[in-house]
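Please walk me through how the two parts of this chain meet. I would like the contact first, then the helices behind it.

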Amino acid sequence: MTSSPTTVIGGGIAGTACARVLAEAGLPVRVLDRGRRPGGRMASRTLHDRTVDIGASYLTAEEGSPFAAVVRDWVDRGLARPWTDTFAVAGPEGLRSTTTGPVRYAAPGGLRSLVADLASGLDVESGRTVAAVGPGPRVDDEDVPAAVLAMPDPQARRVLDPATAGRLLDDRPWEPSLAVVLGWSQRRWAADLHGVFVHDDPAVTWVADDGDRRGDGAPVLVAHTTAELAAAHLEDPDAAAGPVAAAVGRALGIGVPPAWTTVHRWTYARPAAARSEPFELADGIGVCGDGWSAPSRVQAAWTSGTALGRALLVTH
């Protein structure tokens with residue numbers, strides 16, 4: 001067994017799941033993440049003394065899947081909870097109907113807390129920015145048994161040499177989004193709203209009731225923008241707060257502007273089309289994430305990272 005650790009770059013759920021597989025098999029592994037704490041796009045922030053999900057809004061789990069067992073364990077330990085299977089549907093003119101789907105799970109401590117739980121006991125180094133990977137299994141100037149890039153394709157391309165990137169990735173685009181958090185002094189929408197899919201609006205595609213999702217009833221909504229609006233505001237995301245607040249007000253019938261807003265930019269929020277393959281691995285370098293194991297969602301990211309971790313076990 002090698003004494004040098006496999007290096008996983010990216011501390012979201014895909015990278016953490018990959019590292020967990022290796023660690024549970026007794027292999028040395030370290031996770032490097034540029035953020036202050038693991039979570040990736042399952043990010044949460046503390047705003048006005050409470051946790052707010054600003055990345056993924058919820059997770060689902062196909063019944064009987066390996067990920068369902070992980071979610072069931074989180075629920076049993078109080079880290080996650082079934083949230084709802086019903087959301088509202090709205091347009092620019094207001095609420096239209098409701099739609100029912102699979103059970104969506106939320107986390108009282110924010111979805112980032114689930115990644116933190118998965119990372120428990122792992123060697124995670126936060127605040128680490130990697131400049132280059134490869135050719136071959138190298139991270140910066142360090143030889144490693146294997147390197148895993150658990151991140152959106154455009155970010156992976158920045159650290160890979162062109163030849164390696166060409167073997168691992170294609171040119172499919174990724175879409176931006178802005179997460180706009182809107183807070184009021186009191187709730188001004190229906191208690192059973194849960195979340196709203198917004199159709200035919202140039203600014204907003206989805207609004208989550210964060211107080212309902214978190215379970216504390218706080219008067220806080222989180223709106224996710226269209227890719228087009230996000231692209232127009234990537235250099236000045238705060239300028240999108242006004243148009244988004246207006247769109248949310250129209251869709252939900254809220255006549256009072258929010259007392260405060262916060263905007264978070266996701267330059268690479270989601271792949272325009274996810275791959276059906278679970279991961280890619282060549283010459284000791286692997287890539288994984290929610291751009292694999294289509295369709296793109298939290299379960300896909302976990303599945304992709306777990307599958308890559310098991311493939312790396314074979315190489316050891």
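Ten residues of domain 1 touch 14 residues of domain 2, where contact means heavy atoms within 4.5 Å. This is a predicted model: local features need pLDDT of at least 70, side-chain atom pairs count only at pLDDT 80 or more, and totals for chains, interfaces and linings use all residues. Residues are numbered from 1 along each chain as its sequence is written, and side-chain values use heavy atoms, with hydrogens and water left out.

Domain 1 covers 1-38 + 119-172 + 278-315, and domain 2 covers 44-111 + 175-270. These bounds come from an automatic or database domain assignment. The C-alpha centres of the two domains are 28 Å apart.

About 1,000 Å² is buried between domain 1 and domain 2, and carbon and sulfur atoms give 61% of it. Buried area is the accessible area (1.4 Å probe) that two parts lose on being put together, summed over both. On the domain 1 side, Val298, Gln299 and Trp302 lose the most area to domain 2, together 50% of what that side buries.

Now the helices. Helices here are DSSP runs (H or I, at least four residues), numbered from the N terminus. The axes of H2 (residues 66-76) and H9 (residues 298-315) come within 10 Å and cross at roughly 110 degrees. Axes are lines fitted to C-alpha atoms over the stretch in contact, with angles from 0 to 180 degrees between N-to-C directions. H2 and H9 are therefore roughly perpendicular, a label for angles of 65 to 115 degrees. Pro66, Phe67 and Val70 of H2 meet Val298, Gln299 and Trp302 of H9. Five of the residues in this contact are nonpolar, one is polar and none is charged.

Terms used. Helices (H or I, at least four residues) and strands (E, at least two) are DSSP runs, numbered from the N terminus. Angles under 35 degrees count as roughly parallel, over 145 as roughly antiparallel, 65 to 115 as roughly perpendicular and the rest as oblique. Ala, Val, Leu, Ile, Met, Phe, Trp, Tyr, Cys and Pro count as nonpolar, Asp, Glu, Lys and Arg as charged, and the others, Gly among them, as polar.
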